[in-house]
Amino acid sequence: MPKTYADLLREARSQIREVTPQDVDALPGGGTTVIDVREDSEWDQGHLPGALHISKSYVEQQIEGAVPDRDAPVVLYCAGGVRSLFAAQTLEQLGYSNVASMSGGFQAWKSAGLPWDKPVSLTQEQKQRYSRHLLIPEVGAEGQAKLLQSKALFIGAGGLGSPAALYLAAAGVGTIGIVDFDVVDLSNLQRQILHTNDRVGERKVESARKTITALNPDVNVVTHEEMLVADNVDRIITGYDVVIDGTDTFETRYLLNDAAVAKGIPVIHASVFRFEGQLTTFIPFEGPCYRCLYPTPPPPELAPGCSVAGVLGVVPGIMGMLQANEALKVLIGIGDTLAGRLLLFDALDATFTELKLRRDPACPVCSTEAVAARAEGHPLPVPVFGAPAAEQPFVLGGPA
Amino acid sequence: MSVVKIPTVLRPQVGGNKEVELGGATVGEVVEALTAAYPSLRTQLLTDDGSLNRFVNVYVNGQDVRYLDGLATTVADRDEVRLLPAMAGGEGRER
């Protein structure tokens, strides 16, 4: 005898544990995965805070990716509490042992006056453009919306900045600022892939703007055609969520470090030399800063620039892409960054080596003492290039 | 014998070698053995009073010796001692 819808619903009710919206609201954060099984258009109208979205029609395909542990607690909900019961049966068939359905669904949740989020709505074109991001549970529409609202600043549109800016632009980072005062030179084109042959002699910030806008018109490109110096560093970096450091001088790097620490802005640092690269993420007060890592710059003969020593074009390419990866994690708020770790890349050996970094408790910029001194308007002196601090004290920007 | 990893910029001073094997029970002894074999390295690694220059970091098995025991950090057989100066090349512009 064929079963009716009423029979199936009765069976599902007898098999699946139901919880109320109040029960779900009272769950401690983090332990239980709450999954919205409605259609995309319903999710876009609003959903439970912190819920994942897997449409009922994709539950079988996507649940193992979203919840790998079959004994982990899962609560499903839909609009009225029916579809989530059937979806919960599917999870039980797949071996999930701790599945509940929220009775009354999202309607009951809203009627109970419980809080809900309205997702940032992406345009149809954005949904298509970023569809591969939207499919990843850790990014999704919320992560994409964060990227679209994010601001990333590139110091240098060169070998590191080129690949990093291209990928952040493609990823939909809403504002990309570029600090560069140089013009495109033929010798740049071996690796600086933002620029093109017909733009030799053109200002790099303009060339970068053309390439980025052609790739993704969602991105607002802000150009800063000036050299980063003590007088402008605060003004330039203010308002950015992350800085991608592609500088080539120690002066600029220390200047950027000191200002970014004071403002609490993360800096993704990379440097390259021939076949090798170094990379780390400086997140103020979470890990060390550049001065903790290298308290004083080396003499010039120990650290020649790329224009003297040369560099294999792919090395800044690879390191720049790793910078973009760090920036995306910082902006979306997922994963583990390289804060406290220095990653070395050797292109000839094809090896990555990881070194442990620590905060210097005596750091003149990021130590507790340094923070307190800045707050009082008397920043601690930092070493001047080529001279010990004791001989030539110098304070960035002077007292506030 | 520990394995001392030489950064590219210092390789010309150690016969082009990427790494050299040296004896020594502490970082100080390893550095002493290194600078004895390749005297031109001494001024780049050590200050006049014999301490490590601040612009060269030394890691033993991935840990910065500044946060271990500095030059007194013990080095066991087959440990990896890595010399690592800061790199300039951020590649923003040609100079």
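Okay, let's start with what counts as a ring pair: rings of Phe, Tyr and Trp (for Trp, the six-membered ring) pair if their centres lie within 6.5 Å, and the planes make the pair stacked when under 30 degrees apart, edge-to-face when over 60, and tilted for the rest. With that rule, A:Y254, A:F282, A:Y290 and A:Y294 are linked by ring pairs into a cluster.

A quick word on where this comes from. The model is predicted, so to speak of a local feature we need pLDDT of at least 70, and side-chain atom pairs count only at pLDDT 80 or more, while totals for chains, interfaces and linings use all residues. Residues are numbered from 1 along each chain as its sequence is written, chains are lettered from A and ligands numbered from 1 in the order in which they are written, and side-chain values use heavy atoms, with hydrogens and water left out.

Back to the rings. Searching the whole structure gives seven aromatic pairs over all chains. Take A:F106 and A:W116: their ring centres sit 5.7 Å apart with the planes at 90 degrees, so this pair is edge-to-face. A:F106 is in helix 6 (residues 105-111) of chain A, and A:W116 is in the loop between helix 6 and helix 7 (124-129), so the pair ties together parts that are ten residues apart in sequence. By the way, helices here are DSSP runs of H or I with at least four residues, strands are runs of E with at least two, and both are numbered from the N terminus.

So, are these two buried or exposed? Buried means under 20% relative accessible area, exposed means over 50%, and partly exposed is in between (1.4 Å probe, protein chains only). A:F106 comes out at 5%, so it counts as buried, whereas A:W116 has 37% and is partly exposed.

Now chain B. You'll find two helices and five strands there, and along the sequence they follow the pattern β-β-α-α-β-β-β. The C-alpha trace spans about 45 × 30 × 25 Å along its principal axes. Of the 95 residues in chain B, 52% count as buried.

Let me finish on one residue, B:R11. Where is B:R11? Look in the loop between strand 1 (2-5) and strand 2 (19-22) of chain B. B:R11 has a relative accessible area of 15%, so it is buried. Contact means heavy atoms within 4.5 Å. Leaving out residues up to four places away in sequence, B:R11 touches B:I6, B:G16, B:N17 and B:K18, as well as A:E276.
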